[in-house]
Amino acid sequence: MSRKRSDFENSFFGKLSRFVNGEYTPFKEESGYSVDQTETERRLHDDFFKEAEWTKKQNEADSYVSEYEGWAETKGIKLYNRLYRILAGVVCVAIIAVLLYTVSMLPAFGNPDNPANNEVPERYIEKGLEETGAVNTVAGMILDYRAFDTLGESHVLFIATICVLVLLKINEEDEKEKKLAESDDRRLEPKNDMILRFGARFLVPVIELFGIYIILNGHLSAGGGFSGGAVMGAGLVLYLNAYGFKKTERFFTMRTFSIVSVSALLFYSISKTYSFITGANDIESFISNGTPGNIISSGLILPLNICVGMVVACTIYAFYAIFRKGNL
Amino acid sequence: MSFFTWALLAGLVICAVAAALCKNLLVSIQIFMGYSVIMSVIWFILESPDLAITEAAVGAGITSVLFFVTLKKIHALKDNKDEIGEKDDEQEKK
């Protein structure tokens with residue numbers, strides 16, 4: 001093959017053959033490096049160039065990133081905090097202004113010309129004692145004229161307890177979970193607190209008696225099922241705090257709660273159904289109003305007060321117990 | 001309205017603002033209890049004693065107690081809880 005020309009290396013066909021063999025790329029020439037450089041030199045040069053380029057780019061990216069991060073940590077948070085405070089203040093002032101404006105539009109307190117003083121309270125006040133037999137007109141209203149409302153409220157309390165139980169109940173069979181909940185519960189509790197126990201010994205009977213008094217006198221004096229039940233529930237919570245779950249579990253368990261609540265609600269529903277049916281059909285009811293002022297008087301109001309009080313007391317105690325140990 | 005009523009109303013506003021602005025959750029709940037007590041006295045002045053009883057029992061008593069229990073559950077009460085808890089854990093391990 002002596003016919004090869006001396007400048008074959010740089011001729012078109014020479015370049016082509018080298019390109020086909022993978023030794024030469026025609027695009028390299030444009031970057032200004034002569035083809036005459038040996039392979040190792042070129043590679044070294046390329047590597048150095050690439051590295052310099054890479055570090056340069058990296059530095060640029062780093063500076064971008066650091067700038068961005070710094071913005072979020074310093075200026076961004078500052079801006080967000082300022083915006084947050086301004087917006088919170090604006091919303092707060094706006095709500096206060098709207099509420100004050102609404103209050104200023106209300107009629108004056110105790111004015112006889114108020115729109116609330118129409119024929120409805122007139123009837124309640126004038127005929128309430130005669131029709132319901134309750135000296136306490138409020139009790140006559142909420143447990144006779146508007147007993148349906150109170151029925152719904154009692155059921156709302158029961159449903160609320162069930163919802164709390166569904167959300168917070170722990171699995172009794174899971175020993176680990178039970179132990180964790182119990183240790184969590186006892187962690188901050190002062191055990192055998194003498195002051196609390198001594199105070200509770202005198203206060204709890206008084207509070208319970210006061211609650212029972214409020215419930216039983218609901219149709220005669222201020223109070224009623226809800227207030228009395230709340231007082232009784234508060235007394236139970238105090239007793240539980242002073243003496244612990246072991247003492248309360250002797251008389252109040254899940255079984256007690258379900259029996260008392262469900263039977264009270266059932267009695268309420270059945271008795272009010274009876275009185276609604278007799279009232280709607282103008283049938284003479286066998287429940288008499290009795291003598292106003294006596295404990296046993298005013299028809300269904302006294303038993304309904306007791307029912308509502310039972311439900312409320314059970315609900316409050318159950319709330320507290322479920323919040324604390326995840327079960328009744 | 002008498003001076004007493006005005007004082008109660010001012011206390012109501014102060015309690016409401018303080019309960020919202022207080023940083024310590026425990027103190028905030030105690031202020032809220034105070035708010036309920038003042039409110040129950042105001043109910044009594046407005047001649048609705050049954051509401052006063054309910055407010056005192058529910059607002060000052062049960063709501064606050066439930067708040068306290070919730071704070072205890074989420075470990076928001078500032079106390080030496082961690083030390084005691086760790087001690088308990090160590091004892092259990094032993």
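This is a predicted model: local features need pLDDT of at least 70, side-chain atom pairs count only at pLDDT 80 or more; totals for chains, interfaces and linings use all residues.
B:Glu47 counts as exposed, because it has 10 C-beta neighbours inside 10 Å. The label follows a simple count: a residue is buried if 20 or more other C-beta atoms lie within 10 Å of its own, exposed if 12 or fewer, and partly exposed in between, with C-beta atoms placed from the backbone. B:Glu47 sits in the loop between α2 and α3 (49-73) of chain B. Its phi is near 65°, a positive value in a residue other than glycine. For background, most residues other than glycine have a negative phi.

Residues are numbered from 1 along each chain as its sequence is written, and chains are lettered from A and ligands numbered from 1 in the order in which they are written.

How confident is the predictor? For the complex, the predictor gives an ipTM of 0.77 and a pTM of 0.71. In chain B the mean pLDDT (the predictor's confidence in each residue, from 0 to 100) is 81, and 82% of the residues reach 70 or more. Within chain B, confidence is highest in helix α2 (residues 25-45), at a mean of 92, and lowest in helix α4 (residues 81-93), at 48. Over residues 80-88 of chain B the pLDDT is below 50, and this stretch has 6 contacts in the model beyond near neighbours in sequence. Residues 90-94 of chain B are also below 50, with 0 contacts of that kind. Here, two residues are in contact if their C-beta atoms, placed from the backbone, lie within 7 Å.

Next comes the make-up of the two chains. Chain A has 11 helices and 0 strands, whereas chain B has 4 helices and 0 strands. These elements are DSSP runs numbered from the N terminus, with helices (H or I) of at least four residues and strands (E) of at least two. Of the 328 residues of chain A, 22% count as buried; in chain B, buried residues make up 19% of the 94. Among contacts with a separation of 6 or more, residues 24 or more positions apart account for 70% in chain A and for 38% in chain B.

Helix α2 of chain B has 21 residues and reaches 30 Å from its first C-alpha to its last, close to the 30 Å expected at 1.5 Å a residue. The expected span is 1.5 Å times one less than the number of residues in the helix. Buried residues in α2(B) include B:Ile29, B:Phe32, B:Tyr35 and B:Ser40. What covers the buried residues of this helix includes α1 (3-21) and α3 of chain B.

Several helices of chain A also stand out for description. Helix α8 (residues 225-243) of chain A has end C-alpha atoms 27 Å apart, which agrees with the 27 Å that its 19 residues should span. This helix is mostly covered, as 15 of its 19 residues are buried. Just after α8(A), A:Gly244 takes a positive phi of about 90°. Helix α3 (residues 119-132) of chain A bends by about 50° at A:Glu126, where the bend is the angle between axes fitted to the seven residues ending there and the seven starting there. Just after α3(A), A:Gly133 has a positive phi of about 80°. In helix α7 (residues 194-216) of chain A lies A:Gly199, which is partly exposed because 13 other C-beta atoms lie within 10 Å. A:Gly199 and A:Leu238 are 39 residues apart in sequence and 9.7 Å apart in space, C-alpha to C-alpha.

Which residues touch the most other members of the largest nonpolar core? In this core of 50 residues they are A:Ala230, A:Val311, A:Ile316 and A:Tyr317. A nonpolar core is a set of buried Ala, Val, Leu, Ile, Met, Phe, Trp, Tyr and Cys residues joined through C-beta atoms within 7 Å. Elements that each supply at least two residues of this core include α7, α8 and α11 (301-325) of chain A, together with α3 of chain B. The most comes from α11(A), with 18 residues. Leaving aside neighbours within four places in sequence, A:Tyr317 is in contact with A:Gly233, A:Leu236, A:Val237 and A:Phe252.
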